Amino acid sequence: MGRLPLEGVRIVDCTQVWGGPYCTTILADLGAETIKLEPPYGEQARGGRKPVGRHYYTKGESGEKPWNRDSTFVARNRNKLSVSLNLSKERGKELFKELTRISDVVVDNFAAGVMDRLGVGYDELRKVKPDIIVASGNGYGRDGPWSAYHSYGVIQEPMCGFMSLTGYIGDDIPYRSGVDHIDPLTGIHMAGAIMAALLHRHKTGEGQQINISMLESGINFIGPAMLNYILNGKLLEHKGNRHNQDAMAPHGCYRCKGKDDWVAIAISSKEDWSAFCKATGDLPWTKERRFSDLHNRLKNQDELDKLVEAWTMKKDKYEVMRILQKAGVAAGAVNSIGELFSEPHLKARRFWQTVRHPEIGPVTQMGPKFKFSGVAERLARPAPLFAADTDFVFKKLIGLTHAELMQAIDDGIVFTEPADGKHSPRKSKPPEELVGG
Ligand SMILES: CC(C)(COP(=O)(O)OP(=O)(O)OC[C@H]1O[C@@H](n2cnc3c(N)ncnc32)[C@H](O)[C@@H]1OP(=O)(O)O)[C@@H](O)C(=O)NCCC(=O)NCCS
């Protein structure tokens, strides 16, 4: 059996929360040896040394070591190793550079400039490893007036214009999508750029510095709404569940038989509409002139939606999906998160994996999204315990003796348990000259 595409590539992963860890999860799933290098207080998603109410501890218990049980961390860091190194001390920087020397990529998603201020930015790292690839994902990128601003997904959803598109017809309140999706979206952009840089290095021998902005990743995702403004000077109105560019009708979610059960239907072409009419049993209203083509269906969408729903309401959501899909019409049940676990399709594709986490026990997690021909599917490793790989990384990879490692632990350079304090050792706010007075 073959190897995963990134086997043999080593990543130093200084990422936190979701965007950066999503990027490194992709790389780890692709086979890269991914070493999560955490600050002394632990990665932010671990929630700190003491249990915090807001955190979702796995199986509802914070346990003796809450930092190993935070479901945010557990869900986002499979297949990775963990060490903790204090980069504010000279010896910590030296050890970081030792690790860089034997690695291929360094990734972070701190605020822009943090890695430079810590003395482990691209210019320093390329001195020890000229072909190193250094990738940083920040809220707004490395330059520009907002470069030092802090950011989370929830900030980028409004900033990138996405929230101006969500909402019901006639409603002017901006709504969240419910998922901070600009985070993983940025992670996907980062992973793609890193793989391109690896290819570039393979061809030319050159390393690279990569910078990705969450804002720009989000704007890229707006797609047609952005193009509509550029080409037509028009802003899209809130459309609720209807097609935001009037390209489909019926379109949206229709109530079904069960309690709070819905199905989504999307009909675009003449052929789709004919197939829909046939699949629903050629109901008399489907022959009416007011629904004869897309233009008419859009004009009479309120009535159309009511009639479609009168049909879906009599059926189970999966039945509607089956009937319409059999006729070649795109339709899908609106699933709750719980329902996804019993979906036969996901089971058949072995999407869910149950792995054994050393402190939590069996944990069900999403398996790697990629399937490569000739490469055996394998169980992902659960997210690492804090600093679980201290010996492997510092002794085996970097070559410290046992005594040297113990000294580094005594000196507060290497941590084997999170230090007490807030999740980030950052001073209260970014330097004033960077964010403006
Ligand atoms: C997520 C975010 C808001 C968190 O803010 P924060 O916890 O205050 O962290 P910052 O990135 O500003 O800074 C990290 C601090 O930890 C310090 N630090 C990080 N790793 C360290 C280590 N291993 N050893 C010692 N210090 C370390 C840095 O020096 C920095 O302190 P400084 O500002 O005094 O130099 C911020 O990192 C950010 O905006 N990131 C970019 C956008 C992003 O990806 N957001 C998350 C999306 S999921």
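These are my notebook entries on a predicted model of one protein chain.

**Ground rules**

I'm working with a predicted model, so local features need pLDDT of at least 70, side-chain atom pairs count only at pLDDT 80 or more, and totals for chains, interfaces and linings use all residues. Residues are numbered from 1 along each chain as its sequence is written, and side-chain values use heavy atoms, with hydrogens and water left out.

**Whole chain**

I started with the overall picture. The chain has 18 helices and eleven strands; these are DSSP runs numbered from the N terminus, helices being H or I of at least four residues and strands E of at least two. I got a C-alpha trace spanning about 85 × 50 × 50 Å along its principal axes. Of the 437 residues, 47% are buried (buried is under 20% relative accessible area, exposed over 50%, partly exposed in between, with a 1.4 Å probe and protein chains only).

Then I looked at contacts (heavy atoms within 4.5 Å). Taking those between residues at least 6 apart in sequence, I found that 68% join residues at least 24 apart.

**Domains**

I noted two domains, with bounds from an automatic or database domain assignment. Domain 1 is 10–221 + 349–435, and domain 2 is 251–255 + 262–333. Their C-alpha centres lie 45 Å apart.

**α1 against α7**

Next I checked how helix α1 (residues 19–29) packs on helix α7 (residues 182–204): the angle is about 45° and the axes are 7 Å apart. The axes are lines fitted to C-alpha atoms, for helices over the stretch in contact, and angles run from 0 to 180 degrees between N-to-C directions. That makes α1 oblique to α7 (under 35 degrees is roughly parallel, over 145 roughly antiparallel, 65 to 115 roughly perpendicular, the rest oblique).

Which residues make the contact? From α1 I listed Gly-19, Gly-20, Tyr-22, Cys-23, Ile-26 and Leu-27, and from α7 Asp-183, Pro-184, Gly-187, Ile-188, Met-190, Ala-191, Ile-194 and Met-195. By class, that contact has ten nonpolar, three polar and one charged residues (Ala, Val, Leu, Ile, Met, Phe, Trp, Tyr, Cys and Pro count as nonpolar, Asp, Glu, Lys and Arg as charged, and the others, Gly among them, as polar).

**Gly-20**

I stayed in helix α1 for Gly-20. Is Gly-20 buried or exposed? I have Gly-20 as buried, because its relative accessible area is 1%. Leaving out residues up to four places away in sequence, Gly-20 touches Thr-15, Asn-109 and Met-190.

**Ile-323**

Over to helix α13 (residues 317–326), where Ile-323 is found. I put Ile-323 down as partly exposed, because its relative accessible area is 25%. Ile-323 touches Ala-279, Trp-311 and Lys-315, again not counting residues up to four places away in sequence. Val-355 is 32 residues from Ile-323 along the chain, and I get 37 Å between their C-alpha atoms.

The peptide bond from Ala-249 to Pro-250 is cis, with omega near 0°, and Pro-250 is found in the loop between α9 (224–232) and β7 (251–255).

Asp-260 has a positive phi of about 55° although it is not a glycine. I located Asp-260 in the loop between β7 and β8 (262–266), and it counts as exposed because its relative accessibility is 54%.

Arg-350, likewise not a glycine, has a positive phi near 55°. I placed Arg-350 in the loop between α15 (344–348) and β10 (352–357).
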